[in-house]
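This briefing walks through a single protein chain, topic by topic. Please keep the sequence and the 3D view open while you read, and look up each residue as it is mentioned.

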Amino acid sequence: MRKNRLYLLLPIRSLMFIAVFIIISLMSGEKLENLFHWWSVIASIINILVIGILLFLCKKQKITYGKLIQYEKGKCKWYVAFLMVVSMLIAGMGGMYLAGFICYGVFPYLAPMLIAPIPLILALLNLVLLPISTTLAEDGLYLGLGVNNIKNKWIAIFVPAFFYAIQHSFIPLLLDGRYIMYRFLSFLPLTLWICYWYYKNRNPLPIMIGHGILNVATAVNILVTSAVPSVYEMMKIKGRLEGRM
């Protein structure tokens, strides 16, 4: 595949999540909504597959993963990384709250099912595996193959940002239009900011640090509900009272 066509792989994660959730549902006989709590485990597995694809493409192009994302040692300043992390937290939380208000009329809206408990050993593994694998897979795909391989400035920003955000509509998969829109809008401000900043600076490390921190927070929440299931039950009750679930 020619380098300037690598952006055609941008939908691959969305397609993989849709396929995997549907296949598991069909094979297990479980409804999609009953598979919610497995999303982080499935995500880690798919992340590893995507990283494998990225490394294969790097080998074909005779470049390293660092070259793919245009990483330069010593380029990242600590204050730049700090400001990027703060801005990503603001964009991430702000987008989530705004999307919840638009789609559900609740502010702040948080979906408890996204931090549903899983077996404790898997929650502990995911504490490390989920943040690292997600950062490497998503930033390699949407920044490395996306932003870096599209010549037009605005297309290079908006197209990868769109696929970067829309993949979350299928993590986990639920065939409900309002939920799909909520998940997409939740991440769109963040992914637009990430792709814009990366296009302007070509400095992936601050983004990857911020991305990792966001995913550590998610993994920690899942670990808490897995270790103390009563916390999740309380969140579910609160969510029902507020019309969230």
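The largest pocket holds about 820 Å³ of space, and the model in which it is found is a predicted one.

**The largest pocket**

- Rolling a probe the size of a water molecule over the atoms shows where empty space is left.
- The lining of the largest pocket is made up of 32 residues, and those that lie nearest its centre are Met96, Arg183, Phe187, Leu214 and Thr218.
- Two or more lining residues come from each of the helices H2 (39-61), H4 (78-104), H5 (120-146), H7 (177-201), H8 (204-227) and H9 (229-241).
- Which element gives the most to this lining? That element is H8, which supplies six residues.
- By residue type, the lining of the largest pocket divides into 19 nonpolar, eight polar and five charged residues.

**Confidence in the model**

- The average pLDDT of the protein is 91, and 94% of the residues score at least 70.
- Among the elements of the protein, helix H6 (residues 153-166) has the highest mean pLDDT, at 97, whereas H9 has the lowest, at 69.
- Over residues 241-245 the pLDDT stays under 50, although the model has 13 contacts for them beyond four places in sequence.
- Where pLDDT is low, the predicted coordinates should not be read in detail.

**Backbone geometry**

- Most residues other than glycine have a negative phi, and most peptide bonds are trans.
- The bond that joins Ile171 and Pro172 is a cis peptide bond, with an omega of about -5°, and Pro172 is placed in the loop between H6 and H7.
- Lys62, which is not a glycine, has a positive phi of about 60°; this residue is found in the loop between H2 and helix H3 (65-68).
- Lys62 counts as exposed because its relative accessible area is 77%, which is over 50%.
- Gln70 is not a glycine either, and has a positive phi of about 60°; its place is in the loop between H3 and H4.
- Is Gln70 buried, partly exposed or exposed? Gln70 is partly exposed, because its relative accessible area of 32% falls between the cut-offs of 20% and 50%.

- Leu190 lies in helix H7 and counts as buried, because its relative accessibility of 8% is under 20%.
- Although Leu190 and Met88 are 102 residues apart along the chain, their C-alpha atoms are separated by 6.4 Å.
- Leaving aside residues up to four places away in sequence, Leu190 touches Met88, Ala91, Gly92 and Leu214.
- Ile102 lies in helix H4 and is 80 residues apart in sequence from Tyr182, while the C-alpha to C-alpha distance between the two is 8.0 Å.
- Ile102 counts as exposed, because its relative accessibility is 52% and the cut-off is over 50%.

- Cys195 is in no disulfide, and the nearest cysteine sulfur, which belongs to Cys76, is 18 Å away.
- Cys195 is buried because its relative accessible area is 0%, under the 20% cut-off.
- Cys103 is also buried, with a relative accessible area of 12%.

Key
Residues numbered from 1 in each chain as written. Predicted model: local features only at pLDDT ≥ 70, side-chain atom pairs only at ≥ 80, totals over all residues. Heavy atoms only, no water. Buried < 20%, exposed > 50% of the residue type's maximum accessible area, 1.4 Å probe, protein only. Disulfide = S-S within 2.5 Å. 1 Å grid on protein atoms, 1.4 Å probe; cavity = no way out; pocket = protein on both sides within 12 Å on 5 of 7 lines; lining within 4 Å. Points joined across faces, edges and corners; volume = space filled by probe spheres on them. Helix = DSSP H or I, 4+ residues; strand = E, 2+ residues; numbered from the N terminus. Nonpolar A, V, L, I, M, F, W, Y, C, P; charged D, E, K, R; others polar. pLDDT = per-residue confidence, 0-100. Contact = heavy atoms within 4.5 Å.
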